[in-house]
Amino acid sequence: MIVVLKHGVQRDKREQLIHWLEKQGLRIHISEGEYQTVLGLIGDTTHIDMDLVDSLEIVDSVKRVTEPFKCCNRKFHPEDMVVEVGDVKIGGGHFVLIAGPCSVESEEQIVTVAAAVKAAGAKILRGGAFKPRTSPYDFSGLKATGLELLRIARKETGLPIVTELMDVRDLELFADVDIIQVGARNMQNFDLLRELGRTDKPILLKRGLANTLKELLMSAEYIMSSGNERVILCERGIRTFTDYTRNTLDLSAVPMLHELTHLPVIVDPSHATGIARIVPNMALAGTAAGADGIMIEVHNDPINALCDGAQSLRPEEYAALTEKIFAVRKVVAP
Ligand code: PEP
Ligand code: MN
């Protein structure tokens with residue numbers, strides 16, 4: 001249920017109402033916008049007399065929220081959420097490029113790629129240190145050493161870093177990571193999500209291989225209802241009956257998610273296609289669909305990459321692409 005307050009209500013009257021609602025066993029999410037304040041009621045509201053609340057002098061309107069997701073529901077928070085990572089802002093009109101290799105492989109590799117993507121306009125560096133691999137025999141990342149190399153690249157370039165956490169037992173190692181990524185395979189690892197909800201880190205939550213938008217939002221809800229509101233959603237392609245691409249990039253997810261939630265939504269065309277030559281067009285398509293950011297895999301030597309070389313752009317290809325992305329972005333959000 002949401003309670004929209006009248007414009008300019010007195011603070012003590014508002015606090016009285018919140019206190020009363022809390023006494024009914026509810027948690028209250030307050031969204032203070034420029035024009036209106038919305039109280040989002042979290043918990044069992046079936047026993048709340050809607051007509052009574054509606055009749056209060058300070059209340060403008062009361063609505064039931066039928067969707068199972070509350071904290072990430074745009075009805076609870078009508079204005080776009082802007083996630084801040086240092087000086088970088090994502091969402092609410094702030095568009096951000098994230099780029100870097102699939103996996104951190106060496107200091108030279110990550111520093112070279114970081115400098116190149118920064119020069120091309122990227123504002124955040126990606127790179128996996130803990131890699132989820134389909135085969136247990138494949139390279140699974142440099143782990144703690146990989147994190148250390150990411151820190152070096154951050155120091156050299158000033159770019160904040162995003163990297164994937166797979167196991168909650170490694171959380172301590174991520175203490176100074178700027179954004180923690182939850183990969184597609186872990187989107188429904190509910191214990192991990194709850195634990196990340198207790199941190200103050202921005203979380204990049206990728207859509208699962210075969211998950212609906214509602215399931216993605218319910219996963220965001222796990223993080224947010226545990227106390228961490230800074231969630232960025234990522235459409236990275238889903239399993240369909242496509243036979244020539246790695247996945248199917250569900251572009252309509254972007255405007256749909258923007259309707260349903262106030263959280264920023266980014267697009268990853270690299271894992272969506274699996275093919276470097278297709279990545280540029282899909283990156284432009286994601287930008288045109290209104291994404292708040294585009295995350296792309298870039299490698300200085302794709303042929304010898306330890307992971308996802310086939311979908312990785314070379315730095316010069318990335319630089320040519322970002323110019324076009326910025327041009328499309330200008331059309332979408334002049
Ligand atoms: C990744 O971003 O490196 C990754 C493994 O992506 P996904 O979880 O979307 O497959
Ligand atoms: Mn990858």
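Select strand β3 (residues 37-42) to begin: 6 of its 6 residues are buried, so the strand is largely enclosed by the rest of the structure, where buried means under 20% relative accessible area, exposed over 50% and partly exposed in between, with a 1.4 Å probe and protein chains only. The model is a predicted one, in which local features need pLDDT of at least 70 and side-chain atom pairs count only at pLDDT 80 or more, while totals for chains, interfaces and linings use all residues. Side-chain values use heavy atoms, with hydrogens and water left out, residues are numbered from 1 along each chain as its sequence is written, and chains are lettered from A and ligands numbered from 1 in the order in which they are written.

Strand β1 (residues 2-5) runs antiparallel to β3 and is joined to it by 4 bridges, with V4 standing opposite V38. Strand β2 (residues 27-32) is also antiparallel to β3, pairing over 6 bridges, and R27 stands opposite I42; β2 and β3 form a hairpin with 4 residues between them. Strands count as paired if DSSP finds at least two bridges between them, and the elements themselves are DSSP runs numbered from the N terminus, helices being H or I of at least four residues and strands E of at least two.

Now select β7 to β14, where 8 strands form a closed barrel in the order β7-β8-β9-β10-β11-β12-β13-β14, with parallel pairing. Neighbouring strands of this sheet are turned by 25 degrees against each other on average, direction ignored; axes are lines fitted to C-alpha atoms, for helices over the stretch in contact, and angles run from 0 to 180 degrees between N-to-C directions. Helix α10 (residues 315-332) lies across β7 (96-100) and β14, running at about 165 degrees to β7.

C102 lies in the loop between β7 and α3 (107-119) and H271 in helix α8 (residues 269-273), so the pair ties together parts that are 169 residues apart in sequence.

Notes:
Contact = heavy atoms within 4.5 Å.
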